[in-house]
Amino acid sequence: MITSNSLDDDKLREECGVFGVFNHEDSAALTTLGLHALQHRGQEAAGIVAYDGDHFHIHRAKGQVGDNFNTPDVIGRLRGHMSIGHVRYSTTGDSILRNVQPLFADFAFGGLAVAQNGNLTNARALRARMVADGQLFQSTTDTEVIIHLIAKSRSTGLVDRIVDAITHLEGAYSLVLISRKKVIGIRDPLGIRPLVLGKLEDSFVLASETCAFDIIGADFIRDIAPGEMVVLDENGIESHRPFPQQPSRFCIFEFIYFARPDSNVEGRSVYNARKSIGAQLARETGVPADVVVPVPDSGVPAAMGYAEAASLPFELGIIRNHYIGRTFIEPADQIRHLGVKLKHNPNREALNGKRVVLVDDSIVRGTTSTKLVEMVRRAGAREVHMRISSPPTDHSCFYGIDTPEREKLLAAKHSVQEMAAHIGVDSLAFISIHGLHRAMGEPGGRNSAMPQFCDACFTGDYPTPLTDHDHGSMGDQLSLLEETV
Ligand code: AMP
């Protein structure tokens, strides 16, 4: 989504989770639970839209799901047997209430609400054209561009209007929509972001990840296919394939960091994928050591895989305090720095006098690793060898994973050796790009002619045009309105 506000006009990034239910008398309660399970995908704001046969009901708020959808009163007002929901995560600057999703609009054909996970890479170009044409935007998210495209479409019938709208989009989008009759799920033609379909008795459910099905006891049916649009209504499920089929490019970083380890995405357990990546990391970058220690929580499965492959003991040398959000939430560098201390504590028992392999999933700015290495050394570690279960992150993501602009990525400016010195480790090594693809089931490593995943953050190989970026419009101010919330 495009986010724009006084502090952060040039950022084009957000991470999100989506959920939808068709045909359940407690649909809003199920959506609340589903969003709760998807909370790791977005902690800044949450919203639900429900339809009761007469009216749409909406509740959107800044903060976490549990803080805002926590009373029978709120859930009770979201009446109806169908609903969609969204959790949103933006990391710098103020969040703006008018950008909190789902976005609702009254169209000539009736009401429609949309929630999106992913980023469009041509939203600013589309928006500029529409604004020049006299269309008025209420928010600064790219999801509103989709709403305008649907409104403008000359096709008849909701499904055809939506199909017409999405053919104009570039980038990554997993969408859930709700109209008076239907709940609809859509994945972009490359399937960059996840979206899964499930069933709960006579109801259908859509979610970013399967962990959202587990919480409500729904059965997983299948992944929505790349480029597929699934329409859920009183006739059951209808599948549309509006795009020519092409090889998918699912985001490999979902497997490395973003998705929950207890989810199954693209037919694969995220947990097993992380363990295989960790094992490959050990084979490629093994070092004499006494103990393997994960950076909790995201480094845990990779560290387990590493320890097993290296035949080294796995120890919880760092304990995480779970009662604070992810470090990345803090906008200022000093606070992020402080956040790491608040969040982690060394476990001396496991570290003192040891040669430690410290495993994390990624180095972005290097803030986390620098603090943790210092902490592990102060707890008596004799040597610290940092091992990272992704290749160096030296390109920004334009598809919905938060990464800072390129200049702020440690790997974009420094060699691995310089990074090691910066972080203060005895040695630093990353999994290779081929090793990563091998661990993900490509025996020959990364096939550059036809890569199985989007790995642009490591390779710079962006699978869609970057229209907004290439036209230098990323820094354009989208709105003069400042909201104080
Ligand atoms: P940094 O301190 O900037 O190097 O960030 C690296 C840490 O942030 C690692 O421990 C990762 O688990 C975590 N991380 C990586 N990517 C993201 C992201 N997009 N959002 C939030 N946290 C992230």
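How do the residues of the lining of the second largest cavity divide into nonpolar, polar and charged? They divide into four nonpolar, three polar and one charged. The structure is a predicted model. The points below cover the ligand site, the cavities, the salt bridges and some backbone features.

**Ligand site**

- There are 17 residues around the ligand, and those that come nearest are Asp360, Asp361, Arg365, Gly366 and Thr368.
- By residue class, this shell consists of seven nonpolar, five polar and five charged residues.
- The side chain of Asp360 places an N or O atom 2.6 Å from an oxygen atom of the ligand.
- Val364 contributes through its backbone: an N or O atom there lies 2.8 Å from a ligand oxygen atom.
- For Glu15, an N or O atom in the side chain is 3.0 Å from a nitrogen atom of the ligand.
- On its own the ligand has 500 Å² of accessible area, and the protein covers 97% of that area.
- Two elements give two or more residues to the shell around the ligand, namely helix H8 (252–258) and helix H13 (367–378).

**Cavities**

- The count of cavities of 30 Å³ or more comes to three.
- The largest cavity has a volume of about 70 Å³.
- Its lining is made up of Ile192, Arg193, Cys251, Phe253, Ser396, Cys397, Tyr399, Ile401, Cys454, Ala456 and Cys457.
- In the lining of the largest cavity, nine residues are nonpolar, one is polar and one is charged.
- The second largest cavity holds about 60 Å³ of space.
- The residues that line the second largest cavity are Pro189, Pro226, Gly227, Arg241, Phe243, Pro244, Gln245 and Gln246.

**Salt bridges**

- The structure contains 21 salt bridges.
- One of them joins Arg41 and Glu254, with the closest N and O atoms 2.9 Å apart.
- This pair connects distant parts of the chain, 213 residues apart: Arg41 sits in the loop between helix H1 (27–37) and strand E2 (45–51), whereas Glu254 is in helix H8.

**Backbone features**

- The peptide bond that runs from Gln101 to Pro102 is cis, and its omega is near 0°.
- Pro102 belongs to the loop between strand E4 (82–89) and strand E5 (103–107).
- Pro296 and Asp297 are also joined by a cis peptide bond, with omega about -5°.
- Asp297 is located in the loop that connects strand E17 (291–294) and helix H10 (300–310).
- Glu266 is not a glycine, yet it has a positive phi of about 50°.
- The position of Glu266 is in the loop between strand E15 (264–265) and strand E16 (268–269).

Conventions. Residues are numbered from 1 along each chain as its sequence is written. This is a predicted model: local features need pLDDT of at least 70, side-chain atom pairs count only at pLDDT 80 or more; totals for chains, interfaces and linings use all residues. Side-chain values use heavy atoms; hydrogens and water are left out. A residue is near a molecule or strand if one of its heavy atoms lies within 4 Å of it. A polar contact is a pair of N or O atoms within 3.5 Å; within protein, one must be able to donate a hydrogen and the other to accept it, and residues adjacent in sequence count only if both atoms are side-chain atoms. Accessible areas come from the Shrake-Rupley method with a 1.4 Å probe; for residues, only the protein chains shown count as cover. Helices (H or I, at least four residues) and strands (E, at least two) are DSSP runs, numbered from the N terminus. Ala, Val, Leu, Ile, Met, Phe, Trp, Tyr, Cys and Pro count as nonpolar, Asp, Glu, Lys and Arg as charged, and the others, Gly among them, as polar. On a 1 Å grid over the protein atoms alone, a cavity is a set of points where a 1.4 Å probe fits but cannot get out, and a pocket is an open set with protein on both sides within 12 Å along at least five of seven lines; lining residues have an atom within 4 Å of a point. Grid points are joined across faces, edges and corners, and a volume is the space filled by probe spheres set on the points. A salt bridge is a side-chain nitrogen of Lys or Arg within 4 Å of a carboxyl oxygen of Asp or Glu.
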